Amino acid sequence: MAASRPASSRPASPWAGIARRAGRRLASSLPALLGVLVLTFLLMRVLPGDPAVFFASGPNAGKAEIEEVRRQMGLDRPVPEQLVRYLGDVATGHLGRSMTTGQPVLTDLRRRLPASLELTFTALAIALALAIPLGIAAALRPGSLVDHGVRFLCALGVCVPTFVSGLLLIYVFYYLLGLAPDPTGRIDVFAATPPDITGFLLVDFALVGDGEGWRNAASQLVLPALTMALFVLAPLARITRASMLAVLGSDFIRTARSLGLPPRRVVVTYALRNAILPVLTIAGIVFSTMLGANVLVEKVFSWPGVASYALDALLASDYAPVQGFVLLMASLFVLVNLTVDVLYGLADPRISVE
Amino acid sequence: MTPTTLTRALAAAAVAATVLGGTAPARAQSRAETLRYVTGATVNTLDPTMPGTTREAFAISLSTYDRLVTFGRKQLDGNWVFDLDAIRGELAERYEVSADGLTLTFFLRKNAKFQDGTPVTAEDVKWSLDRAVSAKSLAAPQLLTGSLTSPDQFKVLDAHTIQVTLPKPDRLALPNLATVYAIIINSKAAKAHATPEDPWAQAWLKENAAGSGAYAVDVFKPGEQVVLRRNPDWTGAAPDKPAGFKRVIAQTIPDAATRANLVEKGDADIVIDLQANDAQALKERGKLTVTATPQFNAVTFVSFNTRMPPFDKPEVRQAIAAALPYDALFKAALFGRGKPLFGATWGEGDPAPTFPVAQPVSLDLAKAKKLLAEAGLPDGFSTTFSFNVGQAATAEPMAALIRESLEKIGIKVEIQKLPDAQMSTLVSEKKVPFFTEGIVAWLPSPDYFYRNFYTGNQRWNYSSIDDPEINRIAGEARFERDPAKYADAARALNRRALALMPQIPLWQANQDAVMLPTVAGYTYQFHRQVDYRDLSRK
């Protein structure tokens with residue numbers, strides 16, 4: 001985004017305002033996070049289904065084994081005590097242990113979050129790269145064939161559930177054409193193990209300078225990212241169109257046009273920059289939703305992300321991972337909102353003044 | 001924009017993907033020596049005795065650890081299956097059973113080594129078996145079924161000989177030592193990681209395998225994949241050979257359709273958990289080997305809670321047994337891929353002294369109505385029929401057909417589909433009146449089935465039946481050493497179960513192992529997983 005416009009004649013830099021807002025936002029989100037924590041904790045315990053019975057499911061597991069699992073999970077104590085212990089654990093950075101994978105939840109989330117984030121970022125990038133030009137094109141000629149075409153594409157993207165479009169893409173590009181690699185996770189299983197630096201494979205391979213590994217990881221990423229991008233195309237393209245329509249009708253655009261500025265300058269520099277705020281808001285929401293809601297894509301493509309992890313845990317009434325996942329999502333949501341706020345400040349310096 | 005344009009756009013993207021793809025040169029070689037096994041389940045521990053261990057984890061442990069003995073294999077209807085009655089040495093080169101059946105002596109292979117290079121000694125065996133019966137895990141209750149309960153029963157005779165003594169000549173003592181729980185662990189390595197709170201190093205062994213098995217663990221990513229590397233020192237495969245594949249990749253692929261695609265494209269070597277209709281379709285296409293083995297140590301039941309009215313009346317249970325549309329159920333739920341356990345006729349000498357045995361039940365609505373009237377319920381009653389979400393693919397069509405059929409004799413059925421954890425909780429607490437569940441027995445002998453699934457106030461006694469006659473015969477048969485008398489006891493148990501009808505055995509579903517034609521050696525195993533050590537490439 002062009003941040004070069006000499007935005008204001010005010011002496012204070014926009015960064016000070018942004019930092020102040022960010023700090024206030026973070027502080028005010030703490031009670032919300034605590035609320036989410038307690039609510040999830042209680043909700044999991046209200047749900048029917050006893051994880052101890054489920055996990056003590058050996059061919060000969062009797063009452064003693066069930067009690068042992070219950071003790072291991074700390075479920076033999078009264079619920080208020082469990083809650084206090086849990087809050088204490090979270091405060092000291094422990095999220096408990098998953099019975100489903102046998103690993104500490106923190107380890108699992110740390111390993112799986114980069115997978116989900118990499119997929120979501122890529123999908124969002126693809127979606128934005130498609131949606132903004134489409135939205136602008138539709139807004140420039142409302143009611144035209146282009147506009148209807150975009151509307152149809154958006155409707156299609158929203159209507160087709162991700163697991164259908166995912167399976168369809170696999171069927172065509174892997175099964176029929178053999179163009180895509182097998183849809184099984186982040187990297188070819190026969191390839192050497194990837195470097196483990198940030199957990200983002202594309203970044204890691206680039207850091208160690210492994211071109212072949214990078215291509216491998218990228219080719220595994222294309223289909224799932226495309227599946228998700230198609231799904232979120234609609235809200236982004238529609239909001240771009242609506243916002244652009246409003247801005248294009250306003251006085252300063254008419255002035256700019258009447259002054260004979262080149263159309264490209266009018267649309268991109270003046271109109272788009274003013275129209276981008278609602279798009280940013282929606283992009284933030286879409287991003288948060290995608291992280292949690294891409295469980296079907298993760299399942300279909302065997303993507304080792306956090307959403308499918310949480311779903312498996314939920315089906316098994318495995319408390320710790322579900323609670324950890326919800327806490328993670330809530331924290332991410334706070335962070336995304338914050339980022340959107342910061343971007344607001346950059347796109348429109350008036351906002352940082354309040 | 002039309003779908004064609006969309007497809008074209010996608011095609012462009014996919015072309016870009018392939019250009020990005022590229023291929024590694026040395027891959028073909030390592031691909032041929034690698035077994036890629038795909039599954040929907042997860043490996044969650046390297047120690048199979050941990051509570052909550054998944055079946056996939058059993059399969060891994062079978063390859064990473066040795067046990068003293070192992071099951072042989074036999075042909076059953078043209079397929080290779082494990083053989084409970086032919087137990088051969090694994091870590092033991094041979095074993096002796098005393099004449100009274102009370103003492104088992106195992107002679108260890110002298111050249112056996114753990115994967116860290118240290119020799120396997122009788123001390124390691126003793127420590128491992130002590131751990132199995134002492135530590136809080138799933139091993140103790142399993143070994144209990146073979147009268148193995150105390151460390152006092154395991155005695156080191158010399159560095160390569162260990163003796164197991166039994167209080168009674170239990171038929172299942174030896175087979176229990178071949179199950180996944182009786183692993184032999186490198187005791188020195190494990191003790192180095194034991195703590196006062198965790199004397200059996202359970203935390204460490206969950207993440208680390210310290211065995212002498214055919215494969216060592218290279219990569220362990222729960223929920224994603226486990227990669228195993230062949231142990232060249234292991235020579236337990238048929239006469240002094242290491243395992244067939246250099247590398248095994250066991251990968252979790254949650255989506256069944258994707259697993260089917262992978263094996264059909266030749267990218268995966270073997271898969272056993274496809275949808276019944278996918279397996280059927282792949283078989284018809286004829287490109288792959290589809291080995292369909294009825295799971296002869298497992299049964300799918302329709303069970304009654306015999307403590308809950310009206311199912312406390314045997315007539316009601318028999319009425320329902322006469323009102324189930326068996327053939328339709330078998331077709332709708334399994335596409336006929338399995339071995340039916342209904343529609344038998346018991347003549348002279350029947351029932352066979354085995355369990356499960358085909359039952360003389362069939363659809364007969366007139367008989368069902370008559371039995372209901374005898375039970376004092378001529379107008380029927382209302383009840384629920386429950387199953388868990390995990391079984392929905394087979395249980396959902398079953399439930400619909402059962403409801404439809406029972407309506408004809410006046411029984412109104414409400415279908416209840418429950419999340420797995422909730423269903424297991426309700427079943428344990430004996431709160432479900434009428435439901436379908438499955439069982440599996442690693443050691444499929446009739447007394448074992450009846451003791452585990454028809455006696456006691458415990459979860460696996462689905463019907464909560466408590467019949468003095470079943471309790472007595474099953475309890476005695478366990479220690480019966482005379483095969484003829486044992487067969488008589490098994491027949492008596494089968495007859496009694498038919499008379500009481502606490503649950504209706506429906507069928508044994510097939511295990512459809514779908515594999516590339518180049519994969520040889522597949523054998524149906526007691527833990528219903530692939531034993532990677534059986535396999536090799538032609």
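The radius of gyration here is taken over C-alpha atoms, and the globule rule is 2.2 Å times the number of residues to the power 0.38. I kept that at hand because this is a predicted model and I wanted a check on overall size.

**Entry 1: chain B, overall**

I began with chain B. For its 538 residues the rule gives a radius of gyration near 24 Å for a compact globule. Chain B comes out at 25 Å, so it agrees with the rule. I then took the box along the principal axes: the C-alpha atoms of chain B fill roughly 80 × 70 × 45 Å. Next I counted elements and found 18 helices and 20 strands in chain B. Buried residues make up 50% of chain B. I also looked at contacts in chain B between residues at least 6 apart in sequence. Of these, 69% join residues at least 24 apart.

**Entry 2: chain A, overall**

I turned to chain A. It has 14 helices and zero strands. The C-alpha trace of chain A spans about 85 × 55 × 40 Å along its principal axes. Of the 354 residues in chain A, 43% are buried. For contacts between residues at least 6 apart in sequence, 73% in chain A join residues at least 24 apart.

**Entry 3: annotated spans in chain A**

I looked up the UniProt record, which is an unreviewed entry. It annotates "transmembrane region" at residues 30-47, 119-140, 152-177, 217-237, 275-297 and 325-347 of chain A. I checked two of these spans in the model. Residues 217-237 of chain A are 100% helix and 0% strand, and their end C-alpha atoms lie 28 Å apart. Residues 325-347 of chain A are also 100% helix and 0% strand. Their end C-alpha atoms lie 32 Å apart.

**Entry 4: helices α8 and α9 of chain A**

How do α8 and α9 of chain A pack, and at what angle? I found helix α8 (residues 201-208) and helix α9 (residues 211-248) at an angle of about 170°, with axes 8 Å apart. Angles over 145 degrees count as roughly antiparallel, so α8(A) and α9(A) are roughly antiparallel to each other. On the α8(A) side I noted A:Leu201, A:Leu202, A:Phe205 and A:Ala206 in the contact. On the α9(A) side the residues are A:Gly213, A:Trp214, A:Ala217 and A:Ala218. By class, this contact has seven nonpolar residues, one polar and no charged.

**Entry 5: where chain A touches chain B**

I then listed the contact between the chains. It takes 58 residues from chain A and 54 residues from chain B. Which elements of chain A give two or more residues to this side? They are α2 (51-55), α3 (63-72), α6 (145-159), α7 (162-176), α9, α12 (295-300) and α13 (306-315) of chain A. The chain A side divides into 34 nonpolar, 17 polar and seven charged residues.

**Entry 6: A:Ala307**

I picked one residue in helix α13 of chain A, A:Ala307. Is A:Ala307 buried or exposed? The cut-off for buried is 20 or more other C-beta atoms within 10 Å. A:Ala307 has 25 C-beta neighbours inside 10 Å, so it counts as buried. Leaving aside neighbours within four places in sequence, I found A:Ala307 in contact with A:Ser116, A:Gly292, A:Asn294, A:Val295 and A:Glu298. I also took a distance to A:Val297, ten residues away along the chain. The C-alpha atoms of A:Ala307 and A:Val297 are separated by 9.5 Å.

Definitions and conventions. Residues are numbered from 1 along each chain as its sequence is written. Chains are lettered from A and ligands numbered from 1 in the order in which they are written. This is a predicted model: local features need pLDDT of at least 70, side-chain atom pairs count only at pLDDT 80 or more; totals for chains, interfaces and linings use all residues. Axes are lines fitted to C-alpha atoms, for helices over the stretch in contact, and angles run from 0 to 180 degrees between N-to-C directions. Helices (H or I, at least four residues) and strands (E, at least two) are DSSP runs, numbered from the N terminus. Angles under 35 degrees count as roughly parallel, over 145 as roughly antiparallel, 65 to 115 as roughly perpendicular and the rest as oblique. Two residues are in contact if their C-beta atoms, placed from the backbone, lie within 7 Å. Ala, Val, Leu, Ile, Met, Phe, Trp, Tyr, Cys and Pro count as nonpolar, Asp, Glu, Lys and Arg as charged, and the others, Gly among them, as polar. UniProt positions are given in the numbering used here, feature names are shortened, and annotations may be inferred rather than shown by experiment. A residue is buried if 20 or more other C-beta atoms lie within 10 Å of its own, exposed if 12 or fewer, and partly exposed in between; C-beta atoms are placed from the backbone.
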